[in-house]
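Dear colleague,

Here is the structure that I promised to pass on to you. Please look it over with the notes that follow.

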Amino acid sequence: MAAFARLRRLVVSTPSYFRRTYWRPLASTSGSQRLLANIQTTSADRFLGGTLLRPYSISLVGSRSVVLESSSGARCFSSAELPSHLVIAMPALSPTMTQGNIAKWKKKEGEKIEVGDVICEIETDKATLEFESLEEGFLAKILVPEGSKDVHVGQPIAITVEEEENIDKIPDTVSSGSEAREETPTSTPVAVETGDSTQTARYRRISPSAKLLISEHGLDASSLKASGPRGTLLKGDVIAAIKSGKGSFKASKPSVEKTTVSSETPQVTPVKDSKSGADHIDSHDDLPNSQIRKVIAKRLLESKQSTPHMYLSADVMLDPLLAFRKKLKDDNIKISVNDIVIRAVAMALKSVPEANAYWNEEKGEISLCDSVDISVAVATERGLMTPIVRNTDKKSLLAISSEVKELAQKARAGKLAPHEFQGGTFSISNLGMFPVDHFCAIINPPQACILAVGRGIEVVEPVIGDDGTEKPAIVTKMNLTLSADQRVFEGDVGGRFLSTLAANFKNMGRLLL
């Protein structure tokens, strides 16, 4: 084992998605040295088929404790200090996920865990997903409580053990060397300096932003209560104390000036008005955003900045659609206007395949999509979701209607699976149920187009009667606004698509083909 400890690099048989393995000694504890194996992967290697994989078991001969850390956790084998246990890290449940929220713990400390059991629900940048266990054991410690937000991928969230009798042997302070990166706290202070004095605080550590607020508003640090992990005082704790008025204010002392002044001229040190600072914070309310809304905000901004938007608008006749829907309703067939719009768009994309495309950034050219997969915008409490109706052009109105209802229900409940919202070739956003005549939507990359649908409006227009003469008549029209990527919808592509779409609304028989 002594020869093993002197190795600077050890080759271990591991899965192909590991880039490299290296070993380095850690601080000795009770005369025994622990070795840490860092498995480093690239973002592409981390996913095979959209699933985050766990490294295979690595067996080492020797009596010393070895910790194997990977992107999904750390397996800690038996040692003199702790029993065999597994540190479960925040998983990456989607290719774009960098952090998530612990929505709900399904298992409690001390409960038995079987393979496939749901440990907790995690809110990602797309939806709320269930995190299943890959191994059996017992949940010894929950490191990140329910409701915690912005937990970074790789941060430890729980610890499991193989044997039930080892649950009590895992202390509350077990650390795997990974800390939360939201607010990096300073090194375990027990006091904070404000001005000339030092106040003894009721916390162990403090984040830099919290320390700055305490100094700016002249707060008494000893009156603040910490809510962060391991007794960390966070920025939110200070703001909450100011808003509630529970945080007492510290009287400022005049500073000693080294400059020589006349004895006849009194020196007055301005005292900071802490009330004005509190009023400034109370002048607005911070609305906490879900992880989904944060990602939506970021990507919409990126879309407007990186995608050259062009807008095409047209009014289509809605009377044939309404008459067709009324006829179906008389036959006890319930189809919504949105279902018919989806079908009409799918048939138009089939007729104009150049519109069912996207801009390939790597190749710098247009790529045509093989299938017509329409994303339908659904408003939820967590934010706007876009579940996908795949192969829409090959499905009937009844099939589209049934699938849209099922997907919308899943979206509102936060139960969409990744394959149900990732992808899509074209998006539809319908605000026709509101008093919105027309609007422009933002493209959802990597798609190249989104159709904004307004409400139906009755207008007076000249209509040619049966006798061939024009007469004024009341007709119902609906505005459609196409937001398209100028790089893809060049030339007459947009015009041909809208013309075909308008023809589909005018003649409902085209949707039955």
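A word on confidence comes first: pLDDT is the predictor's confidence in each residue, from 0 to 100, and contact means heavy atoms within 4.5 Å. This is a predicted model, in which local features need pLDDT of at least 70 and side-chain atom pairs count only at pLDDT 80 or more, whereas totals for chains, interfaces and linings use all residues. Residues are numbered from 1 along each chain as its sequence is written, and side-chain values use heavy atoms, with hydrogens and water left out.

Over the chain, pLDDT averages 75, and 70% of the residues score at least 70.

Helix H7 (residues 337–351) and helix H9 (residues 493–506) have axes that come within 9 Å and cross at roughly 135 degrees, the axes being lines fitted to C-alpha atoms, for helices over the stretch in contact, with angles from 0 to 180 degrees between N-to-C directions. H7 is therefore oblique to H9, since angles under 35 degrees count as roughly parallel, over 145 as roughly antiparallel, 65 to 115 as roughly perpendicular and the rest as oblique. On the H7 side the contact is made by Val 341, Ala 344, Val 345, Met 347, Ala 348, Leu 349 and Ser 351, and on the H9 side by Phe 497, Thr 500, Leu 501, Asn 504 and Phe 505.

Two lysines may also be of interest to you. Lys 112 lies in strand E9 (residues 112–113) and is partly exposed, at a relative accessible area of 34%, where buried means under 20%, exposed over 50% and partly exposed in between (1.4 Å probe, protein chains only). Not counting residues up to four places away in sequence, Lys 112 touches Lys 107, Asp 117, Glu 136, Gly 137 and Phe 138; from Glu 162, 50 residues apart in sequence, Lys 112 is 9.6 Å away, C-alpha to C-alpha.

Lys 471, found in strand E28 (residues 470–485), counts as partly exposed at 44% relative accessibility. Beyond its neighbours within four places in sequence, Lys 471 is in contact with Glu 461, Pro 462 and Val 463, and the C-alpha atoms of Lys 471 and Glu 461 are separated by 8.2 Å.

How values were computed:
Helices (H or I, at least four residues) and strands (E, at least two) are DSSP runs, numbered from the N terminus.
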